[in-house]
Amino acid sequence: DLEVLKEKIGTRKIPQIQELLTHITDVEKNIMKKEEKKYDEFYDLNLIEKDAQGDILSVDQDTLAVLDRNAGAVYVISLSKKSNYTIKKDELRKSSLMVFYNNMPYVYKQSDGLYIVDTEKKLTRVIEKDTEWGHIVRFSVYNGNIYLLDGDKNDIYKYLVADNGYSSKQSYFKKGQAVGFNNANSLAIDSSVYVGTDRAVYKYTSGLMDGFSTKIPGDTTATFTQLFTDKNVTKVYVLDKEQGRVLLFSKQGSFEKQIESSILKQASSFVVREKNPDSSDTPSGIFALVKNKIYTIPYT
């Protein structure tokens, strides 16, 4: 009704119109549980290396890691101290995916397979490229085991850690549990496995489908870009880059709130650290990677 009224009065400025608009916006934010947050610059990668550019952001405990595909580099940054070091290998150039786990980068390269760089900076290819793979969209590491999400084959390949490397691949799913992962873009594990697509999040526990809903009250416009969760956080976080927001869901799949910040419209990757009362020196919030900079968005 307000939009119709605004068309009728044209460009005339009427105070009551602005009052109504402000009121409607405030009520909508309350119903939709919207919180608009400012962002701050946390780190500039150019302080580590000139012309550094970040592509993928990963987190493990107190440490952030950033993959620079073109440079074949992983920049490792302490959250609490902001100290850093760089891992650089020619073999990592043109890599597409990276996960930082147990102080080591795991890096996937479409043409080669999956590499690990150990704490002595020794690079080892632990999984050879498999001709049966389709398109590996994302991968994750949990308890040392490696999980690869194949968007073309609608499967997750699980490689178990073994004394001499890793086992041969096996499907994570129990028979008949996989669905068509149209436009799959994310994989996250906290003991359960979460697969993100542009319209939904699927949750599996022990290879079986587990109930999870991404329904947002009054909102049918969400487009999911990336999801994040792990065993160190209590929520499932979903990035809607187009609208510059992160949606928060419980791990049972109920919508809780949304955090809006303009910098999220530019983010190529994000991670989350929740407040830890036992480690007050470690920054918390949403960390968003935009080219050579990492930004932080606080929230409660």
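Let's start at the surface: aspartate 163 is exposed, with a relative accessible area of 87%. Keep in mind as you look around that this is a predicted model. Aspartate 163 sits in the loop between β14 (161-162) and β15 (165-166). From there to alanine 222 it's 59 residues along the sequence and 44 Å through space, C-alpha to C-alpha.

**Nonpolar cores**

- The largest nonpolar core is made of 35 residues, and Leu64, Tyr237, Ile286 and Ile294 have the most contacts inside it.
- Strand β26 (residues 285-290) is the top contributor to this core, giving 5 residues.
- Apart from that core there's another, with 29 residues, including Val74, Ile87, Phe139 and Tyr159.
- Take a look around tyrosine 237: setting aside its neighbours within four places in sequence, its contacts include Phe228, Val246, Leu248, Phe270 and Tyr299.

- The largest pocket has a volume of about 570 Å³.
- It has 33 lining residues, and Ser58, Val59, Val99, Ser140 and Phe228 are the closest to its centre.
- Several elements give two or more residues to that lining: β3 (56-60), β7 (97-101), β11 (136-142), β17 (186-189), β21 (226-228) and β25 (269-273).
- By class, the lining of the largest pocket splits into 18 nonpolar, 10 polar and 5 charged residues.
- The second largest pocket comes in at about 230 Å³.
- Its lining has 11 residues, with Gln61, Asn232, Arg273, Glu274 and Asn276 nearest the centre.
- Here the lining of the second largest pocket has 1 nonpolar, 6 polar and 4 charged residues.

**Aromatic pairs**

- The structure holds 14 aromatic pairs.
- In one of them, the rings of tyrosine 147 and tyrosine 172 have centres 6.1 Å apart and planes at 70°, so this pair is edge-to-face.
- That pair links distant parts of the chain, 25 residues apart: tyrosine 147 is in strand β12 (residues 145-150), and tyrosine 172 is in the loop between β16 (170-171) and β17.
- Both tyrosine 147 and tyrosine 172 are buried.
- Tyrosine 194 and phenylalanine 212 also pair edge-to-face, because their ring centres are 5.9 Å apart and their planes are at 80°.
- Tyrosine 194 belongs to strand β18 (residues 193-196) and phenylalanine 212 to the loop between β20 (208-210) and β21, so this pair ties together parts 18 residues apart in sequence.
- Tyrosine 194 and phenylalanine 212 are buried too.
- One aromatic cluster is formed by Tyr147, Tyr172, Phe173, Phe181, Tyr202 and Tyr204.

Terms used: Residues numbered from 1 in each chain as written. Predicted model: local features only at pLDDT ≥ 70, side-chain atom pairs only at ≥ 80, totals over all residues. Heavy atoms only, no water. Helix = DSSP H or I, 4+ residues; strand = E, 2+ residues; numbered from the N terminus. Buried < 20%, exposed > 50% of the residue type's maximum accessible area, 1.4 Å probe, protein only. Core = buried A, V, L, I, M, F, W, Y, C linked by side-chain atoms within 4.5 Å. Contact = heavy atoms within 4.5 Å. 1 Å grid on protein atoms, 1.4 Å probe; cavity = no way out; pocket = protein on both sides within 12 Å on 5 of 7 lines; lining within 4 Å. Points joined across faces, edges and corners; volume = space filled by probe spheres on them. Nonpolar A, V, L, I, M, F, W, Y, C, P; charged D, E, K, R; others polar. Phe/Tyr/Trp six-rings, centres within 6.5 Å; stacked < 30°, edge-to-face > 60°.
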